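Reader: I am new to protein models. Please take me through the salt bridges in this one.

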Amino acid sequence: MTSARVYRDLGEAAWAWVLQQLREDDAPWLPEFVDPDRPPDGPAADRDSLYAGVAGLAPALGEVALHRQLSRAEQALAIGIVDRLTRTAAVRVEPCLYDGLGGDVTALRLLAPGRHVPVLRRLAELATPQGWPTTQDLQPRPQGPVNDVVLGTAGVVLAAVWAGGPESVPVVTVGAEALMAAAERTDAGLDWAMFAGRTARMPNFSHGTAGIATALAIAGQALDRDDWVEAAVLGARHVLAVGSLDSEGFRAPDVIPHTRTDLERFAYGWCHGPTGTSYLFAALAHAGVEQVAGHPVNQLRQRCLQAVLSSGVPERLRPGFWDNDGRCCGTAGVGDALLDAGQHAAHETGQGLGLGATHGQGDAGARGQARTQEQRWEALLGAACVMGDALVARAVRDETGARWRFIEHRKDPPLQPPGTAWMQGAAGIGAFLLRLARTLEQGPDAPVIDRPDQWWAVPSHVRHVVASPADG
C-alpha cells in the first residue's frame, strides 16, 4: 500500500498545478482544459460552475485547509470566488447544481456561510410549479424543466436540503413536488426521464432515476414527507428491475435502449454506473428505509461497489472501458465513494470499531460484529488505495506540478489535454488524494468535506463544513 505521504504530496502537486492555471478577468477563472498548442481565448460560459469552473475550487480549498493553513494566495482566491459568485448569482437564471445557482449555494456555504442565503431566495423566486426552466443547450430541446441531479431539479433539491435553514424549505418543496408530478409509472415502480421528450433513459445517478429518487429520499427525510420517501423506494424498485443483480453485485445499463456500438453497455463511474447509484441506497437508509424489493438497502449499496470492483476498475482493460481518472466518470470518483462506504461501514452501529455489546447480544456477538465491521472498513480502504495507486501511476509530473490526461478512444489522437476542474480535472483528483492521505492517517473518524451530493453517505460526526478566510 502506498504511504499517506505519497498521496498527499501528489495531491498538493495537483493543486499547485491548478493554481498556476488561474487567470483573472473580472474575477478568477480557469480554462477547463490546458492545451499548450491551443491556449484559451477567454473565460467560458461555465467559468463559475461547480462542474468545470471556480465554484468547484471551493471543496478543493476545503480539502487543503484540513491539512494545512491556506496561503495568502489561496485566501485571496477564496475571497475572489465569493465576491464573483455573490455578484453573479443576483442576476443568474440557470438553477442547476453543477452549472448554476445550486453550485453557487454549494461554494458560498463552504467558503462563506451565510452568503449563500440570498441565492436560495433567488432559487425560490425563479421556481415554477414544474421546477426550474433551464438555459442549457440540450438536444433534443427539453419540453419543460430538466429533472436530473447534474442539470435539473433533483440537484437543486439536494443543494437546498444540504444548505438547510428556513429559506431552503420552499425550494425543496417546489422541487420535490415537481419531481413527483414528472414521475412515470412502470411495472416495477417509478421512472423519470432526464426531461420530457427524451425517450432514451439513463437510469443511474447523474441523469436518471437513481439520482432523482435519491433527492426525493433526502427531501422526504428532511421535511418529514413519507410520500416522497415512498416515491424514492418505487424509483429504486424500477432501477433494480432494469439492472442486473447477480453474484458480481448490482449494476444498471448506462443507457436504455443501448444502441451505441462504440460505447460499453455498462459504465462503472459516479455518473452512469453503480458508483453513483450506491448513493441512492445510502439515501434510502438515511430516510429510514430498510429494504427494497426484499433486499436490505445497505447490502444493495455494498453490491453496487462490489460490481465496480469486480469489473476490473481501475485497469484499462480495453479501449473505452476505463479511460477517465476524474471524479465524474473515473477513478477519483470511485475512490471517494469507497471511502464514504468504508467510513459508514466502520460506524454502522455505535461510534467506532470498538463497539460494546448491543441489546440482545453477548460479548462474543458484539466482538464478532466489531471484527466484521473492521474487516469491511479495511477492505474498502484498501480498494480506495488501489484507486489512489492508479492515480499515482498515471500522473504527469514536472516542475509545475501534477495533472492527468484522459483517453478518448473515439478521437485521434486519443490522449486528451489535462483538465483543471473539480469533476474532470486535477482539482477534484487532488482533493481525493488529500482525503485518502488523511483517512489513512486518522482512520474512519477522519473528517469529510461536506457536499450536497454525498453527505448522507458518511457518519454524521465526520461531516465537516470548512469556512475559509473568505467567511465574513
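Reader: How far apart are the closest N and O atoms in the salt bridge of Arg410 with Glu408?

Author: This is a predicted model, where local features need pLDDT of at least 70, side-chain atom pairs count only at pLDDT 80 or more, and totals for chains, interfaces and linings use all residues. Residues are numbered from 1 along each chain as its sequence is written, and side-chain values use heavy atoms, leaving out hydrogens and water. A salt bridge needs a side-chain nitrogen of Lys or Arg within 4 Å of a carboxyl oxygen of Asp or Glu. For Arg410 and Glu408, the closest N and O atoms are apart by 2.8 Å.

Reader: Is Glu408 buried or exposed?

Author: Buried means under 20% relative accessible area, exposed means over 50%, and partly exposed lies in between (1.4 Å probe, protein chains only). Glu408 has a relative accessible area of 18%, so Glu408 is buried.

Reader: Which residue forms a salt bridge with Asp325?

Author: Asp325 is buried, at 1% relative accessible area. The N to O distance is 3.4 Å, and the partner is Arg316.

Reader: How many residues apart in sequence are the parts that Glu167 and Arg121 tie together?

Author: Their side chains meet in a salt bridge, 3.5 Å from N to O. Helices are DSSP runs (H or I, at least four residues), numbered from the N terminus. Glu167 lies in the loop between helix H6 and helix H7, and Arg121 in helix H5, so the pair ties together parts separated in sequence by 46 residues.

Conventions
Helix = DSSP H or I, 4+ residues; strand = E, 2+ residues; numbered from the N terminus.
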